[in-house]
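The sequence and the structure come first.

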2 protein chains.
Amino acid sequence: MNVTVRERTSQAAPRAEVRQAVVDCDIHPAVNTPRELFPFMTKRWQEHLLTYGNHIRQGLSNALAHPRMQPEVARADAWPPDGSIPGSDAAFMREQHLDGNGVEYGVLIPLGRSGASQRNLDYGAALCSAVNDWQLAKYCDFDKRFRASITVTQEEPAAAVAEIDKRAGDKRFVQVLLPPRTVEPLGRRRYRPIFEAAVRNKLPVGLHLGGVGGHPSTGSGYPSYYIEEHTSQVQTMQALITSLVVEGVFEDFPSLQILLIEGGFSWVPSLSWRLDKHWKKFKSEVPHLKRAPSEQIRDHFRFTTQPIEEPENPRHLRDIIDWVGVERLMFSTDYPHWDFDDPRQALNNAGLSEAEKKKIFSGNAKAFYGLP
Amino acid sequence: MNVTVRERTSQAAPRAEVRQAVVDCDIHPAVNTPRELFPFMTKRWQEHLLTYGNHIRQGLSNALAHPRMQPEVARADAWPPDGSIPGSDAAFMREQHLDGNGVEYGVLIPLGRSGASQRNLDYGAALCSAVNDWQLAKYCDFDKRFRASITVTQEEPAAAVAEIDKRAGDKRFVQVLLPPRTVEPLGRRRYRPIFEAAVRNKLPVGLHLGGVGGHPSTGSGYPSYYIEEHTSQVQTMQALITSLVVEGVFEDFPSLQILLIEGGFSWVPSLSWRLDKHWKKFKSEVPHLKRAPSEQIRDHFRFTTQPIEEPENPRHLRDIIDWVGVERLMFSTDYPHWDFDDPRQALNNAGLSEAEKKKIFSGNAKAFYGLP
């Protein structure tokens, strides 16, 4: 990793008072060095990590190759006092974010060292398991407000299912975490056992923007600029919904609940309209699809708020929220990343009532994750 | 399909006498129209075929897009008298090829209408099953010399396994047929159940050059010319061997036997040397790999002869045959395609003894397929 000269502040700046307690559905923990995971890995995989390293990219560019998405690039003020990687110091995170921003619960979304898309499936499974142990040891044991995500190797469903079954009894884990960019569209049957295991264990599935499936993020190949890549990730979210719906995943698992993290949601109505229209015409191609796509989308998907779309006319955002449903939105900050949403400012211009804000900032997430 | 003006002859030209009986491991049957498959498909899939058609390409170009690889493009003299597609008239094929070329057994390799890589997995399974029934009804029932291949949907292993189990009891089927170009390298665990079913049913697996996995055939994308595409298919064969060996498929299935069809074999030694060299250095990455790659390749792969490499110095071909092993080679013609190998001319300059020729032209295939 290329940590060179960066602006760092050793203390969180003084902040305005917090309006209300929030559940933050998107906090990124980080390792300072991969060796932090060694206590949770066998000697074979420790040596593998040092000798062969990661092998995650089938294709070329992916979002993670952009410095902005590297785990060590973050809000300038999120660097811990000792200069370690933002997100890697649980005590500093507690002080700056949990205490500083009134976070009642914070859901950890480990990205940088995830084993999810490792091509070496055994190494991927070992890495996922280590990351799961590490979340508990470093964060959840340190502060009761942290909740963990079960990282799994989606390309090896048998190992993913075993990991879900192993972790589901521990209530500190609140969801299964999958990457949106996979080797095949996520609704394909090969991934079905993972959804079966999530449903069987009464766990929702979270998908955080990004991933490294090896394919370009657009239908015309790799884009040139970070701004394009970041935007194209949202199209991946749309493709993911399309695949899950059209392949009939929700017909098979009527209780499955999915949370899309950091993908926005203002595109949900237009996608739903298009799907409904086509479904009416092409029912004979997909006779397994009994319910309108829009119904399935409304029943099975939830969305985090950051980074929220900001139309010029706030009424338009309110219209979209009404279509998607206030109860389908869950607040998130993306701490400690550069595009952090501050709970003091977020959603101030959406014309929401206090009761609606309460749902979005904490109530919906508590119900979704079964938090006390 | 774009069948326009082509040179056709209604009769096979008079030929020199046949030297010896041969087993032809690569004969391509063809349908005149997809409706030929309708007796073997349910109404739903008949309508699907007519309404939605095939959906096989994830990516762009593939070998099948070249006119030379279209089923209706063939030896000019292979057009049946009534103008139907070459390969589609069993009686003409019997007269021109089985009788005309002394074919004792001919193994059918259906390509053009295969359901193997259909993205709609249920349609793919229905099409594979129909093609399997159709081979029996149209060819095997017509002439006892024909043998069939079990086409399966490799991207839906459960359906492939069911099809293999259903067909294996019928001795007219002599192998499972898979396409070399798949969604992931063929050694990946997702495909393992297919090899398990083949081994359990004591069937070898044949892979004929080509396929439509959706990926470019080269590591730098889609080539410009047919000559490049055709050559790059051989690199796919090399990748396929590499994947099957390195992922440990033969460690799991020590009795699995694979036939590579139309990919040549002169590249087998150099590939083996490279793999052995790397294996010695990187054993710790693949501790499941107990035996040298070259040993595994020699034990588990066989190769058909057409189109055989023709070095300037015939001694070089003989050296390669010695390395690969005379008993690993099986004669094929590719009838009725344009690059047909005539048994009268093939392998005349390789310095083979009569006993060796007999093995390659028929003995090896009889042993491999268990032909009477």
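How many salt bridges does the rule find across the interface of chain A and chain B? There are eight. The model is a predicted one, and the values below are computed from it.

## Interface of chains A and B

Chain A contributes 21 residues to the contact, and chain B contributes 21 residues. Together the two chains bury about 1900 Å², with 38% of that area on carbon and sulfur atoms. On the side of chain A, the residues that lose the most area to chain B are Tyr52(A), Arg188(A) and Arg189(A), which together make up 33% of what that side buries.

One of the eight salt bridges links Arg190(B) to Glu184(A), with 2.6 Å between the closest N and O atoms. The cut-off for such a pair is 4 Å between a side-chain nitrogen of Lys or Arg and a carboxyl oxygen of Asp or Glu. Between chain A and chain B, 14 residue pairs are in polar contact, counting pairs with both residues at pLDDT 80 or more. Helix H1 (43-51) and helix H3 (121-140) of chain A each supply at least two residues of the side that touches chain B.

## Strand E7 of chain A

Strand E7 of chain A spans residues 301-304. Phe301(A) and Phe303(A) point one way from the strand, while Arg302(A) and Thr304(A) point the other way. In a regular strand, side chains alternate between the two faces of the sheet. Are these four residues of E7(A) buried or exposed? All are buried, the cut-off being under 20% relative accessible area.

E7(A) runs parallel to strand E6 (residues 258-261) of chain A, and three bridges join them. Leu260(A) stands opposite Phe303(A) in this pairing. E7(A) also pairs in the parallel sense with strand E8 (residues 329-330) of chain A, over two bridges, and here Thr304(A) stands opposite Met330(A).

## Strand E2 of chain B

Strand E2 (residues 103-108) of chain B is mostly covered, with five of its six residues buried. Which strands of chain B are joined to E2(B) by bridges? Strand E1 (residues 22-27) runs parallel to E2(B) and is joined to it by four bridges; Val22(B) stands opposite Val103(B). Strand E3 (residues 146-151) also runs parallel to E2(B), with two bridges between them, and Gly106(B) stands opposite Phe146(B) in E3(B).

How values were computed
Residues are numbered from 1 along each chain as its sequence is written. Chains are lettered from A and ligands numbered from 1 in the order in which they are written. This is a predicted model: local features need pLDDT of at least 70, side-chain atom pairs count only at pLDDT 80 or more; totals for chains, interfaces and linings use all residues. Side-chain values use heavy atoms; hydrogens and water are left out. Buried means under 20% relative accessible area, exposed over 50%, partly exposed in between (1.4 Å probe, protein chains only). Two strands pair if DSSP finds at least two bridges between them. Contact means heavy atoms within 4.5 Å. Buried area is the accessible area (1.4 Å probe) that two parts lose on being put together, summed over both. A polar contact is a pair of N or O atoms within 3.5 Å; within protein, one must be able to donate a hydrogen and the other to accept it, and residues adjacent in sequence count only if both atoms are side-chain atoms.
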